[in-house]
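Biologist: I would like to learn how to read a model of this kind, feature by feature. Could we begin with what lies inside?

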Amino acid sequence: MSVKERLKELIHNYGGTQEKLAEYLGVPVATLRSWIQRDTLPGTAVVTIADKCKGVSKRWLLRGEGDMFEKKMGNYYDELPVSAGQLMWAEHSREDPTDNVYFPGCKADFFFPVHGISMEPMILDGDVIGVKKVDEIGNFSRNNIYLVIGLDGLRAIKHIEKEGDQLRCMSSNPQVKDFYIPLQNIVHVYQVIFSARLYH
């Protein structure tokens, strides 16, 4: 696979256009185009791409060898499942990841198994979710699913909506009732950006 073909793969996975990939990498689009036209990547470009596109293999970037993504992309906390129960959380635990999991192209910070049925049929008991931290509380989409971490030990994946000084937590499963959390009781909010079924 040529450098030009590898760069096209990057474009496909990170934005879909040369302009979006250049913006993501923080380089002028003319620079990206010159890499493509010359069918070459300078060493500084490899460092930039590997830094910005977490999980992309430097060996693949340099020589086209192996897979595009490293096999170990995210910490998988098998012993710390998420649900609506009283569960531990990676950032507040001395537990180490059980393993690393590889989902091509997924840029999640952490991966967790799900226990519970509150988000069925969208996310099933036993699914694996990948999450990324939300920097600002408030701009939530009801179409998205979030992992909410509360001071009282709450660890819930829900649709959420800010209502005054509270956060409304809603399930996909109509049999599970909504509940509210005061904003001051929220430790972290992560958006669920990935879910998958693992078959053994």
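**Cores, helices and strands**

Modeller: In the largest nonpolar core, which has 23 residues, those that touch the most other members are Leu7, Leu10, Trp35, Leu41, Ile49 and Leu61. A nonpolar core is a set of buried Ala, Val, Leu, Ile, Met, Phe, Trp, Tyr and Cys residues joined through side-chain atoms within 4.5 Å, and buried means under 20% relative accessible area, exposed over 50%, and partly exposed in between, with a 1.4 Å probe and protein chains only. Two or more residues of this core come from each of α1 (3–13), α2 (18–25), α3, α4 and α5 (58–63). A second, separate core has 13 residues, among them Phe110, Val114, Ile145 and Val192.

Biologist: Before going further, what kind of model is this, and how are its residues numbered?

Modeller: This is a predicted model, in which local features need pLDDT of at least 70 and side-chain atom pairs count only at pLDDT 80 or more, while totals for chains, interfaces and linings use all residues. Residues are numbered from 1 along each chain as its sequence is written, and side-chain values use heavy atoms, with hydrogens and water left out. The pLDDT is the predictor's confidence in each residue, from 0 to 100; the chain averages 78, and 80% of the residues score at least 70. Over residues 83–95 the pLDDT is below 50, although this stretch has 40 contacts in the model beyond near neighbours in sequence, a contact being heavy atoms within 4.5 Å.

Biologist: Which residues does Leu41 contact, leaving aside its neighbours within four places in sequence?

Modeller: With those neighbours set aside, Leu41 is in contact with Val3, Leu7, Trp35, Val46, Ile49 and Leu61.

Biologist: How should I read the buried residues of α1?

Modeller: An α-helix has 3.6 residues a turn, so residues three or four places apart point the same way. Helices here are DSSP runs of H or I with at least four residues, strands are runs of E with at least two, and both are numbered from the N terminus. In α1 the buried residues are Val3, Arg6, Leu7, Leu10 and Ile11. Because these residues fall within an arc of 145° seen down the axis of α1, they line one face of the helix; the arc is that of the directions from the helix axis to the C-beta atoms. The elements covering them include α2, α3, α4 and α5, whereas the face turned away from the buried side carries the exposed residues Lys8 and His12. Just after α1, Gly15 takes a positive phi of about 115°.

Biologist: And how do the strands β3, β4 and β9 pair?

Modeller: Two strands pair if DSSP finds at least two bridges between them. Strands β3 and β4 are antiparallel over 4 bridges, with Phe111 opposite Gly130 in β4, while β4 and β9, also antiparallel, are joined by 6 bridges, with Lys133 opposite Tyr190 in β9.

Biologist: Is His188 buried or exposed?

Modeller: His188, in strand β9 (residues 186–196), counts as buried because its relative accessibility is 13%. Its side chain makes a polar contact of 3.3 Å with that of Lys133; such a contact is a pair of N or O atoms within 3.5 Å, where within protein one must be able to donate a hydrogen and the other to accept it, and residues adjacent in sequence count only if both atoms are side-chain atoms.
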